[in-house]
Amino acid sequence: TDVRPPVISLVLLPGSGLFMAVLVQMTIAGKSFIGGNMEIALAANLTASSRLGQDATGIPRFSTKSCHIALVSVKTNLPSSVLPKVMSKFLDSTLQKVLPGLLCPAVDAVLNVVNAKFTTMTSEIPLGTAGTLQYVLLNPPMTNETFIELDLKTILHQEEGKEVDLPTDQLSLSSLPPKRDAATQLILSANFLSAELSVMQASFNLNISNNMVLGLPPLVTTMLGALIPEISRVAPPSQPVVIEMREAKAPVVTITPDKSFVQLFSTAEFWTSPSDSAPESLFILDV
C-alpha cells in the first residue's frame with residue numbers, strides 16, 4: 001500500500017562492472033491469520049553487482065552477477081502479545097524468501113534500459129547524404145574506480161558504400177585530457193575528423209551568387225575590375241558574376257595541445273552570366 005522512493009548508491013567495480021545498493025521501504029497489507037487486516041512495514045537493503053562485457057555482436061552489455069536482500073526492520077500493526085517469537089521468525093523467513101523474487105527483477109529491468117541505450121550506439125548514423133558513420137567496440141569495456149572507458153572503432157562509408165580507410169590511433173590514457181567529474185567525454189582523433197570531413201567533401205561545393213551575400217557590394221564584373229584591373233579589359237562591365245566553389249582535395253585536421261586547425265582546399269572559379277549568352281569563365285583562384 002505504500003512504496004517510498006528508494007535510496008540508491010552506485011559504485012564502479014574496477015575490472016568488473018557496477019555495484020548497486022538500494023534501501024527499499026514499503027508497506028504490505030493483507031488478511032491477518034487471526035482475522036482482520038494486517039500491515040507489515042518493512043525496510044530492506046538490496047545489494048546487487050553486475051558485470052560489464054560485450055555480447056556476440058560487440059555491443060557493451062550489463063548482466064547481473066548477484067542480488068541479495070537483507071531485512072533492516074519489520075513492523076506490524078499486531079500487538080506484540082499476538083506475535084510470539086516463533087511467528088516473528090516465521091514472518092522474517094517468509095519475507096527473506098519472497099522479497100528476492102519481488103525486488104531483484106527490478107535490477108534486471110534497470111540494466112535492460114541501460115543495455116537498450118548501448119544498442120543504439122552501434123546504429124548507422126547518416127552524414128547528410130554524403131555517407132554513414134558507425135561505431136563498433138574495438139576492445140572489451142574497461143572499468144576503474146571513477147569511469148568506464150569504451151574503446152571504439154569508427155567505420156566510415158561513402159555514399160556509394162565504399163569504406164574509408166582509417167588509421168588506427170591507439171592513444172594511452174596518459175596522453176588524454178584529465179577526466180572531469182560527472183561528465184561523459186567523447187575523444188576523437190585528428191585522423192578520424194579528417195576522414196569524416198573527406199566523406200562530406202562534396203557538401204562544401206557551392207555556387208555563390210548575389211542572393212547569398214546580402215549586405216556586400218553586388219557581384220558584378222565592375223566590382224571585380226576595381227580589385228583586379230586586368231578583368232575590366234576582358235569582361236564587359238556590370239555583368240552578374242557567379243563564384244563556383246569546388247573542393248580540390250581532402251580536408252586536413254591538425255590538433256595540438258594549444259590549437260586545432262581545419263584546412264579546406266578548394267578552387268573558386270568566377271563566371272560571368274549574361275542574360276543573352278552562355279556563362280563564360282573569367283579566372284580560377286586556389287583557395
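Which side chain meets that of Arg4 in a salt bridge? The partner is Asp2, at 3.9 Å from N to O.

## Basis of the model

This is a predicted model, in which local features need pLDDT of at least 70 and side-chain atom pairs count only at pLDDT 80 or more, while totals for chains, interfaces and linings use all residues. Residues are numbered from 1 along each chain as its sequence is written, and side-chain values use heavy atoms, with hydrogens and water left out.

## Salt bridges

The whole structure holds 3 salt bridges, each defined as a side-chain nitrogen of Lys or Arg within 4 Å of a carboxyl oxygen of Asp or Glu. In the pair named above, Arg4 has a relative accessible area of 46% and Asp2 one of 33%; both are partly exposed, a class lying between buried (under 20% relative accessible area) and exposed (over 50%), with a 1.4 Å probe and protein chains only.

Asp55 and Arg61 form another salt bridge, at 3.6 Å from N to O, with Asp55 at 24% relative accessible area and Arg61 at 31%. Arg246 and Glu244 also meet in this way, at 3.8 Å from N to O.

## The disulfide

By the rule that two cysteine sulfur atoms must lie within 2.5 Å, the count is 1 disulfide, which joins Cys67 to Cys104 with an S to S distance of 2.0 Å. The torsion about this S-S bond of Cys67 and Cys104 is about -90 degrees, so the disulfide is left-handed.

Cys67 is partly exposed at 21% relative accessibility, whereas Cys104 is buried at 13%.
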